[in-house]
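I opened this entry to look up how the parts of the chain meet, and I wanted to work from the overall layout down to single residues.

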Amino acid sequence: MKILVIEDDDRVAGALCAFLKKSGFETVRAADGAAALASLDAEIDVVLLDLGLPDIDGIDLCRRIRAHTGVPILIATARSEVQDRIHGLRAGADDFLVKPYDVRELVARIEAVTRRVRAMPQDGERGAPLEVGGVVIDLVARQVSVAGTLVELTPKEFDIVAVLARYPGVVVQRERIIFEVWNTEWHAFQRSLEVHVGSIRRKTGHAEFIETIRGVGYKLPVT
């Protein structure tokens, strides 16, 4: 798997590329936006994007990359404001990590976004349902079932499940879920998200189906 690392800091880029190579990835480094756009080709599997670039704002670059290709984009930046995350996701990013982060989490998120892309059904194909702790999720049919019996979820409840199902085994931040489900800033719907998750757990009869990661978000605990 080839990763395009867009990072202007030589020290950070060197250490990051070295770790990714040890983890089995091939890397291509670009120090600015122009080099990043020139490096985009069909062999790039994931884009790892820092927002603080010398020649172009990282959010604008994210939009340009997304307009050019459907390759997964993971933003890794020191910008920690919620608004920055929202702008990044709206610009086409698939995930957002705030520096400093654990490089092991970075690898897990890279694996998650690529797994999601591979799992997406192609034209004329039907994606395989995902089973988590006895709960079966069919993203194409928008159905959840337990022991062969359909669980009646509201549209918003299923949307929450669908967001988590696209990143199985990986923690999804609350603001990411709320942005994708309600298309708004996360703090305005934090309590509503908690209520919906509680309802999903009750309806499925599996409290462990959605795992709460305190202070961060939720995940489907796939083993």
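A salt bridge, as I use the term here, is a side-chain nitrogen of Lys or Arg within 4 Å of a carboxyl oxygen of Asp or Glu. With that in hand, I looked up E175 and R85 in this predicted model, and found that they form a salt bridge whose closest N and O atoms are 1.8 Å apart. Between domain 1 and domain 2 I count one salt bridge, and I also list two residue pairs in polar contact, both at pLDDT 80 or more.

Next I asked which elements supply at least two residues each to the side of domain 1 that touches domain 2. I noted α4 (82–90), β5 (95–98) and α5 (103–119), and of these α4 gives the largest share, with six residues. Sorting that side of domain 1 by class, I get eight nonpolar residues, one polar residue and five charged residues.

I then stepped back to the layout. The domain assignment of the protein chain gives domain 1 as 2–114 and domain 2 as 130–219, and the contact takes 14 residues from domain 1 and 12 residues from domain 2. Taken over C-alpha atoms, the centres of the two domains are separated by 27 Å.

Last, I looked up how much area is buried between domain 1 and domain 2. The value I have is about 1,100 Å², and carbon and sulfur atoms give 54% of that area.

Note on methods:
Residues are numbered from 1 along each chain as its sequence is written. This is a predicted model: local features need pLDDT of at least 70, side-chain atom pairs count only at pLDDT 80 or more; totals for chains, interfaces and linings use all residues. Side-chain values use heavy atoms; hydrogens and water are left out. Domain bounds come from an automatic or database domain assignment. Contact means heavy atoms within 4.5 Å. Buried area is the accessible area (1.4 Å probe) that two parts lose on being put together, summed over both. A polar contact is a pair of N or O atoms within 3.5 Å; within protein, one must be able to donate a hydrogen and the other to accept it, and residues adjacent in sequence count only if both atoms are side-chain atoms. Helices (H or I, at least four residues) and strands (E, at least two) are DSSP runs, numbered from the N terminus. Ala, Val, Leu, Ile, Met, Phe, Trp, Tyr, Cys and Pro count as nonpolar, Asp, Glu, Lys and Arg as charged, and the others, Gly among them, as polar.
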